[in-house]
Structure formats: C-alpha cells, structure tokens
Amino acid sequence: MEIELQAMDHSPPRSAGLLTRVNARLARSGMCVAMVGLMAIVCVVFYQVFGRYVLNDSPTWAESLAIVLVLYVTLIGAAVGVRDAGHIGLESFLVMLPDVIRRKVEIVIYALVGVFGACMAYNGWVLGTSVASYYIPNLHVSEAVRYIPLVLSGVLIVLFAIEHVVAIIRGEEVAPSWN
C-alpha cells in the first residue's frame with residue numbers, strides 16, 4: 001500500500017541513510033529537551049509570581065534560571081527548525097526556478113546555514129571558555145552554562161545542513177523529525 005502511495009506521489013523519495021537516522025533522533029531529542037525546558041520555564045515563572053504576590057518573598061534565583069532556560073529552548077528549537085525546514089525561506093522564489101538551478105541554490109543556502117552553525121559553535125565555545133571562571137549570581141553556576149546551548153545548536157545546525165545538502169545531491173527529501 002505504501003509503495004502504491006509513493007508511486008502516485010511525485011515528491012522525491014525520503015532520505016533513509018545513517019546520517020538521517022542519527023539526525024532524526026537528535027532532532028527528536030532536541031525537541032523533547034526544548035519542551036521540557038518550556039514547561040520548566042512556566043513552572044519557574046509561576047513559582048516566582050506566587051512567591052512575589054502570595055508569599056511576599058520572591059525567590060531571587062527564579063529570574064536567572066528562567067533566562068538560562070529560554071536560551072536552551074530557543075537555540076535548540078531553532079536548530080531543530082533547520083532540520084525540519086521550519087525556518088524562514090523564500091519558497092516562492094525557489095519554486096519559480098528550473099530544477100537544476102533550484103537545487104544549486106538550495107545547496108548554497110544550506111552550505112551558508114552550515115557555515116553559520118559552525119560560527120555559532122566556535123564563537124559560543126570561545127565566549128563560554130572566556131567566562132567559565134565567572135558565576136551567575138543567585139544560581140552559583142558558571143557563566144559558561146549560558147553558552148552551552150549556542151555550541152550545541154551550532155553543531156546540530158551543521159549536521160542538519162549537511163544532511164540537507166546530501167539529500168539534495170541525491171535527489172531525496174529530508175523527512176521531518178516528527179513523521
């Protein structure tokens with residue numbers, strides 16, 4: 001039945017290589033981490049509001065923790081968005097191009113996205129190591145904790161961009177993580 005549906009469908013075949021399987025697991029894990037982080041943000045902010053207005057004793061650590069959690073949620077979620085092609089794009093422009101040119105433009109786009117991810121990872125590492133000896137007030141953890149999601153997100157973006165380039169070259173399509 002699935003083969004019949006694929007035969008009727010004119011979209012490119014879905015990529016199923018090792019990189020795709022690894023990246024799909026990484027993307028699913030990243031989204032799970034982002035969802036747990038989002039729930040943690042809600043709980044921390046709720047506790048801060050409850051402490052401030054009900055207990056009249058606001059926890060001093062809550063705002064700092066919420067800000068760090070926002071970094072993890074947004075950066076890891078953005079990396080997964082690159083894999084699932086959920087980022088902003090100019091699809092209307094690409095659709096108008098002939099297939100040969102469109103594929104080349106898509107390869108250039110994902111190559112640039114990969115370079116951007118590598119820059120994120122490298123600079124996040126440099127910045128994180130430069131502030132590792134300092135501590136976040138009220139949390140008593142290293143300032144480097146703020147840069148870990150930048151490095152992780154950059155590495156994920158590089159992996160996901162490579163996967164897209166390989167899929168384009170093979171004439172395949174990267175299946176979204178949640179399918």
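At what angle do helix 2 and helix 6 pack, and how far apart are their axes? The two helices pack at about 140°, with axes 10 Å apart, where axes are lines fitted to C-alpha atoms, for helices over the stretch in contact, and angles run from 0 to 180 degrees between N-to-C directions. Helix 2 and helix 6 are therefore oblique to each other, given that angles under 35 degrees count as roughly parallel, over 145 as roughly antiparallel, 65 to 115 as roughly perpendicular and the rest as oblique. Their crossing is left-handed, a term that applies if the near helix is turned anticlockwise from the far one by less than a right angle, with right-handed used if the turn is clockwise.

This is a predicted model, in which local features need pLDDT of at least 70 and side-chain atom pairs count only at pLDDT 80 or more, while totals for chains, interfaces and linings use all residues. Residues are numbered from 1 along each chain as its sequence is written, and side-chain values use heavy atoms, with hydrogens and water left out.

**Overall arrangement**

The protein has six helices and zero strands, and from the N terminus on its elements run α-α-α-α-α-α. Helices (H or I, at least four residues) and strands (E, at least two) are DSSP runs, numbered from the N terminus. Of the 179 residues in the protein, 32% are buried; buried means under 20% relative accessible area, exposed means over 50%, and partly exposed lies in between, with a 1.4 Å probe and protein chains only.

**Helix 2 against helix 3**

Helix 2 (residues 18-53) also meets helix 3 (residues 62-83), their axes coming within 8 Å and crossing at roughly 155°. That angle makes helix 2 roughly antiparallel to helix 3, and the crossing of this pair is left-handed. By class, the contact of helix 2 with helix 3 has 18 nonpolar, six polar and two charged residues, where Ala, Val, Leu, Ile, Met, Phe, Trp, Tyr, Cys and Pro count as nonpolar, Asp, Glu, Lys and Arg as charged, and the others, Gly among them, as polar.

The 22 residues of helix 3 should span 32 Å at 1.5 Å a residue, and the end C-alpha atoms of helix 3 are 32 Å apart, which agrees. The expected span of a helix is 1.5 Å times one less than its number of residues. Helix 6, with 23 residues, reaches 33 Å from its first C-alpha to its last, close to the 33 Å expected. Helix 3 is followed by Ala85, whose phi is positive, near 55°, and helix 6 is followed by Gly171, whose phi is also positive, near 75°.

**Salt bridges**

The structure holds five salt bridges, each being a side-chain nitrogen of Lys or Arg within 4 Å of a carboxyl oxygen of Asp or Glu. Side chains of opposite charge can pair when their charged atoms come close. Among the salt bridges are the following.

| Pair | Closest N and O atoms |
|---|---|
| Arg102 and Asp99 | 3.2 Å |
| Arg83 and Asp84 | 3.6 Å |

Arg83, Asp84 and Glu163 are linked in a network of salt bridges. Arg83 counts as buried at 1% relative accessibility, and Glu163 is buried too, whereas Asp84, at 22% relative accessibility, counts as partly exposed. Because Arg83 lies in helix 3 and Glu163 in helix 6 (residues 148-170), this pair ties together parts that are 80 residues apart in sequence.

An α-helix has 3.6 residues a turn, so residues three or four places apart point the same way. Arg102 is partly exposed, with a relative accessible area of 22%, whereas Asp99 is exposed, with a relative accessible area of 52%.

Pro176 lies in the segment after helix 6 and counts as partly exposed at 30% relative accessibility. Pro176 and Ala27 are 149 residues apart in sequence, yet their C-alpha atoms are 9.0 Å apart in space. In helix 5 is found Ala121, which counts as buried at 12% relative accessibility. Ala121 and Ile148 are 27 residues apart in sequence and 9.0 Å apart in space, again C-alpha to C-alpha.
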